[in-house]
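Take a moment to turn the model in your viewer before reading on. Then follow the text from the whole chain down to single residues.

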Amino acid sequence: YLMLTRAIKFKVAFDKMEAEDKLYNDHFLEVVDGEKRIGPPTTIDWREVERLVKFLGLFYTATLVVSASSTVCSYKCYGEIVTIEKNLLGMTHSYDKELREKAVEMREKFDKYWDGQKNINRMLIIASVFDPRQKMEFAKMCFEKLYGEDTSEAKEMYNSVCDVMKAMLKEYTIIFKGPNTQSS
């Protein structure tokens with residue numbers, strides 16, 4: 001992604017080299033191992049690169065957060081996973097046939113890796129809920145983004161996360177109940 005983004009910035013330089021630099025053009029006329037080299041990037045090539053950058057850009061930040069190895073930010077992961085899934089869902093309905101096919105392939109891999117959002121580990125969602133900036137409203141918003149407002153799926157996910165949090169609180173109070181604390 002970064003390499004392609006930077007290459008786009010130099011499109012004008014490539015075009016200028018093609019127009020003015022004989023050595024640059026001669027390079028593509030050479031034959032290596034019995035095959036002529038592929039020519040300089042064309043307008044169609046640049047359009048393809050721009051499309052690919054647009055496609056990959058949607059996932060770049062999310063991938064950095066989810067796959068971070070040096071700093072663990074579990075409270076950010078669920079939001080990024082939702083962003084990836086939402087973008088993939090949108091792209092599976094794209095008018096661009098190639099983009100749509102790539103999105104469908106990625107969506108299948110995403111579902112295989114995450115085993116579908118309904119089966120996602122609730123602790124990942126709870127980590128985002130514990131972030132004071134997001135709280136339970138963030139999880140609710142994510143469920144509504146994925147499943148639609150007031151749908152049974154969104155309500156089911158919301159209730160399942162609440163149930164896990166209640167169970168955690170109950171376990172916490174049992175473990176850390178002091179000798180002078182009365183049971184409620």
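This is a predicted model: local features need pLDDT of at least 70, side-chain atom pairs count only at pLDDT 80 or more; totals for chains, interfaces and linings use all residues.

The protein has nine helices and two strands. Along the sequence, these elements run in the order α-α-α-β-β-α-α-α-α-α-α.

Start with the overall dimensions. The C-alpha atoms fill a box of roughly 90 × 35 × 30 Å along the principal axes. The radius of gyration is 25 Å, whereas a compact globule of 184 residues would have one near 16 Å. Lys140 and Phe14 are 126 residues apart along the chain, and their C-alpha atoms are separated by 48 Å.

Now consider the surface and the contacts. The protein exposes about 13,200 Å², and carbon and sulfur atoms supply 57% of that area. Buried residues make up 27% of the 184 residues. Among contacts with a separation of 6 or more, 60% are between residues 24 or more positions apart. The charges number 28 positive and 29 negative. Their mean positions lie 5 Å apart.

Which residues touch the most other members of the largest nonpolar core? They are Tyr78, Ile120, Ile125 and Phe143, in a core of 29 residues. Six helices each supply at least two residues of this core: helix 4 (43-66), helix 5 (74-91), helix 6, helix 7 (122-129), helix 8 (135-147) and helix 9 (152-176). Ile125 shows how the core is connected. Leaving aside neighbours within four places in sequence, Ile125 is in contact with Tyr78, Ile120, Ala139, Phe143, Met157 and Val161. That list includes Tyr78, Ile120 and Phe143, which are also named among the residues touching the most other core members.

Next, look at helix 5, where Val82 has its place. Is Val82 buried or exposed? Val82 counts as buried because its relative accessibility is 0%, and the cut-off for buried is under 20%. Beyond its neighbours within four places in sequence, Val82 is in contact with Cys142, Lys145 and Leu146. Val82 can also be placed relative to Lys109. The two residues are 27 residues apart in sequence and 15 Å apart in space, C-alpha to C-alpha.

Continue into the loop between helix 5 and helix 6, where Ser94 is found. Ser94 has 16% relative accessibility, so it counts as buried. Outside the four places on either side in sequence, its contacts are Leu99 and Arg100.

Helix 6 spans residues 97-114 and holds Arg107. Is this arginine buried or exposed? Arg107 counts as buried because its relative accessibility is 18%, and buried means under 20%. What does Arg107 touch, leaving aside its neighbours within four places in sequence? Its contacts are Glu85, Leu88, Leu89 and Thr92.

Move on to helix 8, which holds Met136. Met136 has a relative accessible area of 14%, so it is buried. Not counting residues up to four places away in sequence, Met136 touches Val129, Tyr158, Val161, Cys162 and Met165. Take Cys162 from that list. Met136 and Cys162 are 26 residues apart along the chain, and their C-alpha atoms are separated by 8.7 Å.

Helix 8 also contains Lys140. Lys140 is partly exposed because its relative accessibility is 34%, between the 20% and 50% cut-offs.

Finally, check the backbone. Most residues other than glycine have a negative phi. Lys135 is not a glycine, yet it has a positive phi of about 55 degrees. Lys135 lies in helix 8. Asp150 is not a glycine either, and its phi is positive at about 55 degrees. Asp150 lies in the loop between helix 8 and helix 9. Is Asp150 buried or exposed? Asp150 counts as exposed because its relative accessibility is 60%, and exposed means over 50%.

Technical notes
Residues are numbered from 1 along each chain as its sequence is written. Side-chain values use heavy atoms; hydrogens and water are left out. Helices (H or I, at least four residues) and strands (E, at least two) are DSSP runs, numbered from the N terminus. The radius of gyration is taken over C-alpha atoms; the globule rule is 2.2 Å times the number of residues to the power 0.38. Buried means under 20% relative accessible area, exposed over 50%, partly exposed in between (1.4 Å probe, protein chains only). Contact means heavy atoms within 4.5 Å. Accessible areas come from the Shrake-Rupley method with a 1.4 Å probe; for residues, only the protein chains shown count as cover. Lys and Arg count as positive and Asp and Glu as negative; His and the chain ends are not counted. The place of a charge is taken as NZ of Lys, CZ of Arg, CG of Asp or CD of Glu. A nonpolar core is a set of buried Ala, Val, Leu, Ile, Met, Phe, Trp, Tyr and Cys residues joined through side-chain atoms within 4.5 Å.
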